[in-house]
Each structure stands twice: as C-alpha cells, then as structure tokens.
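Here is a short tour of side-chain pairs and their surroundings, written for someone who likes to know the cut-offs. Have the structure open as you read.

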Amino acid sequence: LCEDDIEFYPNFRNATHIMMFMGPSKADQDAKKAKVIPRTILVRHDGTMSAGLCIQRMLMTRHKMTGNEDTFVPTKDAPLFQNEHGGHLRATQIEAIIHSALKQGGVKNFKQFNTHSLRIGGTTRLCQLGCPIRLIKLLGGWSSNCVVIYIREDAKSAHKFTRKMTA
C-alpha cells in the first residue's frame, strides 16, 4: 500500500474518512475486488483516537505539513507504512510493533499474537456488531466461505443467543 493509493474526503484538513485503494491480496490475485470496493477508514476529530487520524498525523509529520493544507500530495510509490529506511514494513516488523504495544498494555501472552490476529480480530468484531457474513467477505476480500474460520466466538456471546432462544 503506497501513499498514492489513498485519498482524503472531503479534503486533507477536514477529512472525515480515507479511501484506501488496496492492491491484490492472497484471496484476490487479480485485484478485482479492490477496484469494486475500496476500503474506508474513519478520521475522527472528537478527541477519540482513530486509525484514520493516526494516518493523517503520520503523513503530516513525514511531509512536514502544518495541518492547514486542504490537499495532500503523495510521494509516488512511497510506502504508506514505512520502516526506518523508508521502505515497506515487513511482516516481522509489524509483528514486533504488535508485540511491543501488547506488552506495554500489560498483555502477558503477547507473543501468541501476530499480523493474522488483526484479520481475526476485525472479522470477529464485525460479526459481533451484527455485520452480515456476505459483507464481511466483501470487506475482507474473501471469495469463499473460509471467512467463518476467522470468527472467534466467546461463551458470553453464545450465552446471550441461548437466552434469546428460550425467551
């Protein structure tokens, strides 16, 4: 994913969301889905930290912007998420970031998490919010029903639905 694969709406300074035009994934080698459904990330300006706001601030810092600019001029082919040398982050580097954040957050078994945990967590959360499987498949770029193996159910959720069935 490169800087020129994202767009801020309605503009950089007042962005409410970022559109990400992602390339092919393992499940979408021809990038057919990415062209149909770009990914959307919210940019919150209400004091709540959001992924979109983090991306906006990261780019402001990288490009020495003041925050008053209405437009963002991306560096062509520059990785959106960069390592210390300006290159693409490798999976091992992202995993180290995840481990560091979890360790700082007091998670004792932080080493059991990896980059795939983000896909599992996102899929599980969408399911918990009541998102239909067909939409989860679309957002995640799945063409098969293997999406269901990513959904982690907990006893609390199962109990809630069991109670609904007996009501």
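## Salt bridges

Arg-13 counts as partly exposed, because its relative accessibility is 36%; here buried means under 20% relative accessible area, exposed over 50%, and partly exposed in between, with a 1.4 Å probe and protein chains only. Before going further, please note that this is a predicted model, in which local features need pLDDT of at least 70, side-chain atom pairs count only at pLDDT 80 or more, and totals for chains, interfaces and linings use all residues. Residues are numbered from 1 along each chain as its sequence is written, and side-chain values use heavy atoms, with hydrogens and water left out.

What does Arg-13 form a salt bridge with? The partner is Asp-70, and the closest N and O atoms are 2.6 Å apart. The term salt bridge stands for a side-chain nitrogen of Lys or Arg within 4 Å of a carboxyl oxygen of Asp or Glu. This pair links distant parts of the chain, with Arg-13 in the loop between β1 and β2 (17–20) and Asp-70 in the loop between α2 and α3, 57 residues apart. Helices (H or I, at least four residues) and strands (E, at least two) are DSSP runs, numbered from the N terminus. Asp-70 is partly exposed, at 36% relative accessibility.

The whole structure has four salt bridges. Another of them joins the side chains of Arg-62 and Glu-3, at 2.7 Å from N to O. Arg-62 belongs to helix α2 and Glu-3 to the segment before β1, so this pair ties together parts that are 59 residues apart in sequence. Glu-3 is buried, at 0% relative accessibility, whereas Arg-62 is partly exposed, at 24%. One more salt bridge brings together Arg-44 and Asp-46, at 2.6 Å from N to O. Arg-44 is partly exposed at 37%, and Asp-46 is partly exposed at 49%.

## Aromatic rings

There are three aromatic pairs, where rings of Phe, Tyr and Trp (its six-membered ring) pair if their centres lie within 6.5 Å; planes under 30 degrees apart count as stacked, over 60 as edge-to-face, and the rest as tilted. Phe-8 and Phe-12 make an edge-to-face pair, 4.7 Å centre to centre with 75° between the planes. Both Phe-8 and Phe-12 are buried.

Phe-8 also pairs with Phe-72: the ring centres are 5.9 Å apart and the planes stand at 75°, so this pair is edge-to-face. Because Phe-8 lies in strand β1 (residues 6–9) and Phe-72 in the loop between α2 and α3, the pair ties together parts that are 64 residues apart in sequence. Phe-8 has a relative accessible area of 9%, and Phe-72 is buried at 14%. Phe-8, Phe-12 and Phe-72 form one aromatic cluster.

Elsewhere, Arg-119 lies over the face of Tyr-150, at 5.6 Å from the ring centre. The rule for a charge over a ring is that NZ of Lys or CZ of Arg is within 6 Å of the ring centre and within 35 degrees of the ring normal.

## His-88 and the cysteines

His-88 is in the loop between α2 (51–62) and α3 (91–104), and is partly exposed at 45% relative accessibility. Leaving aside neighbours within four places in sequence, His-88 is in contact (heavy atoms within 4.5 Å) with Leu-1, Cys-2, Pro-79, Phe-81, Asn-83 and Gln-93.

How many disulfides does the structure hold? The count is zero, with a disulfide taken as a pair of cysteine sulfur atoms within 2.5 Å. Cys-2 is buried at 13% relative accessibility, while Cys-146 is partly exposed at 32%.
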